[in-house]
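Please open the model in your viewer and keep the selection tool at hand. The tour below moves from one selection to the next and says what is found at each stop.

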Amino acid sequence: MLIKSFFNIIIWCGISLALCLVGFLISYFYQGPIIAKELFNSWIFYFDGILVGGVGYGLVWFIRKYGSSLLAQINEVITISEEDLPKIFVYSRRMNSTLWKNTIGIPLTIVGGIIMWNCGYPMEGFAKYYLAISSISIYYIGSYLLTFFIFSLLMFKSLEDSEKRLEVTRNIVPLEFENLNYFFVITSTIGVAGIYLGFRGTLTANFILDPDGIITRKLLIFPVILFLPLTLCYSFYPRYVLKKIYENDIIKKVKEIEEKRRNIPNELISLKDKIEIDMTLSEIREKLIMERDQFPLISLKDSPSLLISIIMVIQFIAQYDTAINEFFKIFSK
């Protein structure tokens, strides 16, 4: 799954480069080599168009391929009651619905487009509009992902609310839960990387911003405020719910074993058989509890290491990324 996600990113990096070359050629023949070269440099070096386009569109393509079957994958490992399935199905359909993606995506894209346009795109004519449309489209891609994340969270909220009626499908091993875990880890990690690259691309972009446009430039933080919190929540909450359901099922199995043991009449078994049964049940119980403890989904004991990792990343960015540094300096003015 990880290799496939990177493969999608590489493909879309190539497509982004191809679109840049198309714009370069059209600009070259209609506006001259100077404008064409400026478009090429803006796309590649200032807006980070290759990486931003590759990561953003690559993640969308990956989610369209694997996210559409997310409910089916969940249904394979969890038996959802007929009472809860309709509501969960509605959220599953909405997170893959073009109508909902447009309902959320178009207004956010318009807002983001107005912010970026007011920053002042370089060049003129075709090259200016081509660069503007291509870069502003990232807001629509971000909104597409945001829609998927929102309804995924709502679907898992419904699963958590109905957890007492849910059962883990028999003969399911932790590896099958781990595949779902990998999906959320991969998509959220690439999503955070995409937010960072997109945000940084707007800071290094060669906008023609007038001296009075400092407020407009501050608004470039809009995608970070909008997308990052939900992406981080999406990275944790579905995995937390899956872990919770799995753990509850383990506890239920242990209780069933203990109940069966208590229901065996003492007069029907010898002392030796009784000891052997107790030992066998004890081994099964310990194995189930150990399996629960080794389940790979995130838990609270991971928080210190995650916190340290986040602090290290923030420190690294603050120390070495001059573009991010320069942007946050404007808030002190």
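**First stop: a serine in a helix**

Select Ser-158, which is found in helix H7; helices here are DSSP runs of H or I with at least four residues, numbered from the N terminus. This is a predicted model, in which local features need pLDDT of at least 70 and side-chain atom pairs count only at pLDDT 80 or more, while totals for chains, interfaces and linings use all residues. Residues are numbered from 1 along each chain as its sequence is written, and side-chain values use heavy atoms, with hydrogens and water left out.

Is Ser-158 buried or exposed? Ser-158 counts as buried because its relative accessibility is 8%, where buried means under 20% relative accessible area, exposed over 50% and partly exposed in between, with a 1.4 Å probe and protein chains only. If neighbours within four places in sequence are left aside, Ser-158 is in contact with Lys-87, Ile-88 and Tyr-91, contact meaning heavy atoms within 4.5 Å.

**Second stop: the nonpolar core**

Next, select Leu-70, Ile-74, Ile-78, Met-155, Phe-156 and Leu-159, which touch the most other members of the largest nonpolar core, a set of 75 residues. Helix H7 (residues 125–161) gives the largest share of this core, 17 residues. Such a core is a set of buried Ala, Val, Leu, Ile, Met, Phe, Trp, Tyr and Cys residues joined through side-chain atoms within 4.5 Å. Now centre on Ile-74, which, not counting residues up to four places away in sequence, touches Ile-80, Met-155, Phe-156, Leu-159 and Leu-180.

Colour residues 33–46, which form helix H2. The buried residues of H2 are Ile-35, Ala-36, Leu-39, Ser-42, Trp-43 and Ile-44, and what covers them includes helix H1 (2–31), helix H3 (49–66) and H7. After H2 comes Asp-48, whose phi is positive, near 50 degrees.

**Last stop: a lysine in H10**

Finally, select Lys-244, whose place is in helix H10 (residues 222–262). Lys-244 counts as partly exposed because its relative accessible area is 24%. Which residues does Lys-244 touch, not counting residues up to four places away in sequence? Show Glu-160 and Glu-163, which are the residues that Lys-244 touches on that count. Lys-244 and Glu-160 are 84 residues apart in sequence, and their C-alpha atoms are 8.2 Å apart in space.

Methods. Helices (H or I, at least four residues) and strands (E, at least two) are DSSP runs, numbered from the N terminus. The expected span of a helix is 1.5 Å times one less than its number of residues.
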